[in-house]
Amino acid sequence: LRFWNPKTKRFRITNTYQLFPAHCTLPTISEADKTLIAAEELLAEFKRVQLSPNSAAKIKFAKTINKLTEMLLESMPKKYRPEPRVQGPTTSHDITAPENVRRAPLIHQRRTRSNTPIEQLG
């Protein structure tokens, strides 16, 4: 194993080592995280179960799955939540549409009284 020694500014190669947890932060799992893990496992198990044709049992099963799914989505940070597959209608401006191309001003790279060319970067 190789360890960096800041005093000598070099790596030290060794076969034996000891780690002291007082100087390191150990990862822990909170009770809320444990609850979320258990809920996710329950949801996975419920999806594998084959239900009987009894409609009352199916309704109860569906309500339980919805409740667990809502609980998982509420506790999940927004950046990890699944995005909706279909977005709303777009209000963007399509510059390649024929009517927009016709309306756009004509620009060329010659310096004239009515045209100031775009400066080239680079």
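Strands S1 and S2 form a hairpin with four residues between them, and Lys-9 in the turn has a positive phi of about 55°. Helices (H or I, at least four residues) and strands (E, at least two) are DSSP runs, numbered from the N terminus. S1 covers residues 2-5 and S2 residues 10-13; the two pair in the antiparallel sense over four bridges, where pairing requires that DSSP finds at least two bridges between the strands. Asn-5 has Arg-10 in S2 as its bridge partner.

This is a predicted model, in which local features need pLDDT of at least 70 and side-chain atom pairs count only at pLDDT 80 or more, while totals for chains, interfaces and linings use all residues. Residues are numbered from 1 along each chain as its sequence is written, and side-chain values use heavy atoms, with hydrogens and water left out.

The structure holds one aromatic pair. Trp-4 and Phe-11 form this pair, which is edge-to-face, at 5.2 Å centre to centre and 70° between the planes. Rings of Phe, Tyr and Trp (its six-membered ring) pair if their centres lie within 6.5 Å; planes under 30 degrees apart count as stacked, over 60 as edge-to-face and the rest as tilted. The charged end of Arg-2 sits over the ring of Phe-11, 4.2 Å from its centre; for this, NZ of Lys or CZ of Arg must be within 6 Å of the ring centre and within 35 degrees of the ring normal. Phe-11 is partly exposed because its relative accessible area is 48%, given that buried means under 20%, exposed over 50% and partly exposed in between (1.4 Å probe, protein chains only).

The whole protein has three helices and two strands, and from the N terminus on its elements run β-β-α-α-α. Asn-100 is placed in helix H3. Asn-100 counts as buried because its relative accessibility is 13%. Leaving aside neighbours within four places in sequence, Asn-100 is in contact (heavy atoms within 4.5 Å) with His-93, Asp-94 and Ile-95.

Ile-118 lies in the segment after helix H3 (98-103). Ile-118 counts as exposed because its relative accessibility is 55%. The C-alpha atoms of Ile-118 and Ile-107, 11 residues apart along the chain, are separated by 8.7 Å.

Some totals complete the picture. Buried residues make up 9% of the 122 residues in the protein. Among contacts between residues at least 6 apart in sequence, 23% join residues at least 24 apart.
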